[in-house]
Amino acid sequence: MLRRRLSEVRAETMALTADLSDADATAQSMPDASPAKWHLGHTTWFFEALVLQPALPGYEVFDDRYAFLFNSYYDSVGPRQPRPKRGLLTRPPLADVEAYRRHVDDALDRLMASGAVSAETLATVELGIHHEQQHQELMLTDILHLFAQNPLRPAYRPSEPRPAQPSNDAPPDWIDCPGGILPIGADAYEIGRTPFAFDCETPRHEVLLRPYRLASRCVTNGEWAAFIADGGYRDPLLWLSDGWATVQTEQWDAPQYWEDRDGDWWTMTLRGMQPIDPAAPVCHISLYEADAYARWAGKRLPTEFEWEAAASALPVAGNLAPTNRLSPAPASQGDGLQQMFGDVWEWTASAYAPYPGFKATDGAGGEYNGKFMSGQNVLRGGSCATPGGHSRATYRNFFYPHQRWQFTGLRLAEDGPQAERGPQG
């Protein structure tokens, strides 16, 4: 089962780059983004360095120099190419990196077929699968950012007709969530015993939530356009101090990729330039923008615990990457919470911090999440670029407050009715 899943995920990564030229795969559009060729090499180096070298006797490293080129931030493993300079790696060519992947894939298949793989190695393979899925989403968002810098606005995938969906311009419903003392997080992952979870999702623990309400759907492009028209980007009273400073410095006046064309908003997508869909969720916004919008609307962002408590009983289904839409879709008609999984990652008001009793994974895997628990905020749910099988209610994504090249949006929250207090004394 794990062997087949590993093969499938590795093949899915290659499919994402099948139509890219060597130039497409090499260019780096900003320090936060990485070239597709680097993603291909890095996800391969992960398995070579953390699985094959320790666990496969006689394994021959493909090229000793690749460890420096494709290490990301694993300081305990060795030095690396600086992140802002990954786009300078014009060599090795894309064909050599693809050969590197085949070399490692063949060795992984031999290892998995041997029947003599320790539980520790299997757990690292499972981690590597989910790590590669994260990079699949990053590849798409990084390609979108790259293509958006090109004046030709090339499409990653050809535009195609979309099924007609009934327009839903009505305000969202407000879903009552009772609060209480509720379990949050995942049990520590053990291969074959518990469902996979990253270490930052653990340990499972209890939190106290006061009653609250969540909007039934995400904030839409049409609603965001109203925020812009009302001067939302020009009113300092709506913004956190750092957010207002960023708006001024970066001269933001709309979500990333939005362009005003003769009074109509268009946006860059993985299928090229498209007019915004007023009913689809707004995306490519920072935490600062999400927080300002919530304040403008007289609401707030949910905490990550409120979001998880509401999502925990819902099926993990929605507009994720396997739909091949590659952009957020309008909410479906129906009652209850919509769009909790897929479409856009939802900003929360929660800082990315360790849960009580958190313990990082031993070894190099311990550098995977814990070292980033400073200055970032948690996002929940998944997006239209998130691979299938990679979302769950406990999943904690995280980015810095100013970043917005990911498929990031928001859902509004508000305090619910509080229970009346009894007599004092």
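Where is Tyr-257 found? Tyr-257 sits in the loop between helix 8 and strand 5, residues 258–261. Keep in mind that this is a predicted model. Phi of Tyr-257 is near 80 degrees, so a positive value, and the residue is not a glycine. Tyr-257 is also buried, at a relative accessible area of 10%.

Asp-343 is next. Asp-343 is not a glycine, and has a positive phi of about 70 degrees. Its loop runs between helix 10 (304–311) and strand 8 (345–351). Asp-343 is buried, with a relative accessible area of 5%.

Back to helix 8, residues 241–250. Which residues of helix 8 are buried? Gly-243, Thr-246 and Val-247 are. They share one side of helix 8, because they cover an arc of only 100 degrees around the axis. The general rule: an α-helix has 3.6 residues a turn, so residues three or four places apart point the same way. What do the buried residues of helix 8 pack against? They pack against helix 9, residues 287–296. Now turn to the other side of helix 8: Ser-241, Asp-242 and Thr-249 are exposed there. Just after helix 8, Gln-251 takes a positive phi of about 55 degrees.

Now the cis peptide bonds. One runs from Arg-91 to Pro-92, with omega near 5 degrees. Pro-92 lies in the loop between helix 4 (66–70) and helix 5 (94–113). Another cis bond joins Thr-202 to Pro-203, with omega near -5 degrees. Pro-203 is in the loop between strand 2 (180–184) and strand 3 (205–209).

Methods:
Residues are numbered from 1 along each chain as its sequence is written. This is a predicted model: local features need pLDDT of at least 70, side-chain atom pairs count only at pLDDT 80 or more; totals for chains, interfaces and linings use all residues. Side-chain values use heavy atoms; hydrogens and water are left out. Buried means under 20% relative accessible area, exposed over 50%, partly exposed in between (1.4 Å probe, protein chains only). Helices (H or I, at least four residues) and strands (E, at least two) are DSSP runs, numbered from the N terminus. The arc is that of the directions from the helix axis to the C-beta atoms. Contact means heavy atoms within 4.5 Å.
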